[in-house]
Amino acid sequence: MDVKVNLTVNGKKRSVTTDPKRSLLDVLREELNLTGTKYGCGEGRCGACTVLMDGKRVLSCVTPAAQANKKTITTIEGLARGDSLHPVQEAFLAEGAMQCGYCTPGMILTAAALLEKNPNPTDEEITTAMNVNLCRCNGYTKILNAVRRASKK
Amino acid sequence: MTQNILAKKVEAQQSEASDEPRCEFELSRRSFVKLLGAGLLITVTEGVSFGRRSGGRSRRSITVAARLHINQDGTITVMTGKVEEGQGARAQLTQAAAEELRVAADQIRLVMADTALVPNDGRTAGSQTTPSTVPAVRRGAATARELLTRLAAEQWKVDRGALDVRDGAITHQATKRTVSYADLAKSKDVAGAFAQAVSSDVTVTPVGAWKVLGTAVARPNWRDLVTGAHRFPSDFVRPNMLYGKILRPPSYGATLESIDLSKAKAMKDVVVVCDGQFVGCAAPSSFRATQVLEVIAKTASWKTVSHPSSKDLFSHLKKNARLGGRSRPRSRGSIDKGLADASKVLERTYEVAYIQHTPMEPRAATAEWKDGKLTVWTGVDGPQQAQGDLARTFQIPSERVRVIVPDMGSGFGGKHTGEAAVEAARLAKAAGRPVAVHWTRAEEFTWAYFRPAAVIECKGGLDAKGALIAWDFTNINAGGAAIDTPYNIANTKILSAGSDSPLRQGAYRCLAATANNFARESFMDELAAAAGIDPLAFRLAHLENQRIRTVLEAAAKHFDWATRRKKVTADIGVGLACGTEKSSVVAACVEVGIDRKRGEIKVHQVCEAFECGPIQNPANLTSQVQGCIIMGLGGALSEEMEFADGKILNASFAGYRVPRFRDVPKIDVHLINNTDIPSAGGGETPIIAIAPAIANAVFVATGVRIRSMPMRFVPMTGEVQKR
């Protein structure tokens, strides 16, 4: 039985009628055409589907759409303010912290959530926060540098 | 039928540079103009044929117009059949064109991997972009530059030698006349000139004069990656599109005996296709399509076949090894005499498990049929090869198939085959609507191909002074990449033997070079220990290849090998390894820590020196080397396909462990810029030194020699896990 899910995505009020068990990832990608959020595993173990829900990072592939009702969602498309990139986005560019870039939206949102909560994380804290996010190009070294750089801003 | 075609292709691809049928490709002037959009068309020769031979080099020259197009605003569109899968081809090929045209990199717009627009530059594989496509693009751009310069000289009736080319303009200093490429391109003479073939002997810029190559040019579309604006193959949405799912057999080799589609067909807004063994469905959302597939799957009955399990993998490969027949060893001296003369002979067997590429983006395609023509957006490393596969599958001329590969979510050699493209096209044809097929992670883990497993048998003989005089090396199943020893040994016998691979296997980053280097460099360490000689000194004593010596000595120096070798404890070890493949050389020193209680090998530090000729983009090369090092940790320590009864038992990131942030060691990369030779690719070879260096470090600390990848310790005992 479909339900109505009302949510605010990247500052816009949206309403989607859908199966409550359908993943938030599918809703974002297929209903709202926000394809910056990626499918990587469907089991919440790679972080490619990371979005912010009320400011906290969630894995949208294992988040049922119904849970997003009345929530505020930020996807990678909504992180910049107009042409002005978020400091984490700037830092990823400055460090060249991506290869294929498929994991990048999830990496950036995870880092943004971390820095929102803890503006000056230690390397250990960065590693702990980011450990769920996989990069198969294995660009972890430059990604860590990017998060460190963003934390200094 | 499709599956058979694909399976055959994968077998052929084991050598990575196998001979492929030459693809012909035609492009009409009108469609070209339409596709490139606004801009001044210099010329297009109708019916230009492109071809390639194995290794990705052009068999016949293409026209200048087929390689590049000068726009009215002075920007230049350059076309290549290479794909961007994260390894930096987009930046590097942009640099190549900019260098020879004497313009800034940001004046180049690179169109990649669209079969309606680009020449066939061969697969993006085998580290061929740097040695083959970069030179091809440079020759194309240099020919264009020369043609434009010659035209300016003719127009001004001055000597060609009196003209300078700089910043996209040609200048005659004596008369202070300047003309831009864009202005010059308006002349009809240019149209005629660009219809000429790219010159094979045009002078390209020498390394010492490089201004754009050799610099850290960023990937041109990086901003779109951090904003989420870039559309990967799995992000393509077409109007009225459906999402497709394919019914997979429950196990390898299982065949469909019966199925009842009536219930699924009665579902609203659903398309169901059954064509022999191919069963699939499409629905307005992937959630809905998954529900439909579940309904279909419940009605299917399958005939299964027996299949070897990973527990018996190595005995199975050995039992089925094709050691005779067409497998001929390469020999030097007499291996029998060498072994007979040796005062000490060692005999060891090494094993390497199947692993998977696990690209972050699983296979994906969106297919659309219009007026009997098929367009597919998909993630493959050979757009023209996928075009050919689709044309054969649907029995239509390849001109009616257009394959577009948007910059994709990695591949590592794992995306030679376009299964998702064929599947999406089949469903789209039946549905009469565009269909997207996105493989799940479990599908990718099960139905993509794997890096071959290996059993490697080694025999080595030392003389009384500890010199290596005999080397007998047989790789069963994994292939011949980097199988030859770079060490100077009088008597050698080296063989790559096929076997019966239980899993579908194919290319992977550096393919068999990792297995062969693991065995060789581990065995060299065992021989060094048997000879009582330091492993670095033992290698250098047998090594004439100056390039390998240079990286080995550089890695040892930066790591401070001599000092740290003396400081090893029962829990902290150091090891080294080196190797060569695809015209590049690598050496690594590592430090590992052993946690006996938890049975863990933790890599603390990797110090790697790498050389692949003149460095074309240092930032990108650093990323490639760092990526190879960390990817190498996965195959060395944790990655392994487990299977039984034709089923993959660990088809998820829960069961198949790839490196994560927590696994990242301290990494020191030392790039050596060797300008005496042509540039080679750098995205593969840095992976091959990691596993043996770790195995050698574990041995130094513990005295335990691990001869199987992935390497594991059993908690508490310190003994190697028995398979």
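About 1,200 Å² is buried between domain 1 of chain A and domain 2 of chain A, with carbon and sulfur atoms giving 65% of that area; buried area here is the accessible area (1.4 Å probe) that two parts lose on being put together, summed over both. In domain 1, the residues that lose the most area to domain 2 are A:Cys46, A:Arg57 and A:Ile76, together 42% of what that side buries. This is a predicted model, where local features need pLDDT of at least 70 and side-chain atom pairs count only at pLDDT 80 or more, while totals for chains, interfaces and linings use all residues. Residues are numbered from 1 along each chain as its sequence is written, chains are lettered from A and ligands numbered from 1 in the order in which they are written, and side-chain values use heavy atoms, with hydrogens and water left out.

So where are these two domains? The assignment for chain A puts domain 1 at 3–78 and domain 2 at 87–151, the bounds coming from an automatic or database domain assignment. Their C-alpha centres lie 21 Å apart. Domain 1 brings 16 residues to the contact and domain 2 brings 12, contact meaning heavy atoms within 4.5 Å. Salt bridges across this interface number zero, the rule being a side-chain nitrogen of Lys or Arg within 4 Å of a carboxyl oxygen of Asp or Glu.

Now for the two chains. Chain B and chain A bury about 4,400 Å² between them, and 57% of it is on carbon and sulfur atoms. On the chain B side, B:Val226, B:Met360 and B:Phe661 lose the most area to chain A, together 21% of what that side buries. The contact involves 55 residues of chain B and 51 residues of chain A. Four salt bridges turn up across this interface. One pairing is B:Arg662 with A:Glu124, whose closest N and O atoms are 3.2 Å apart.
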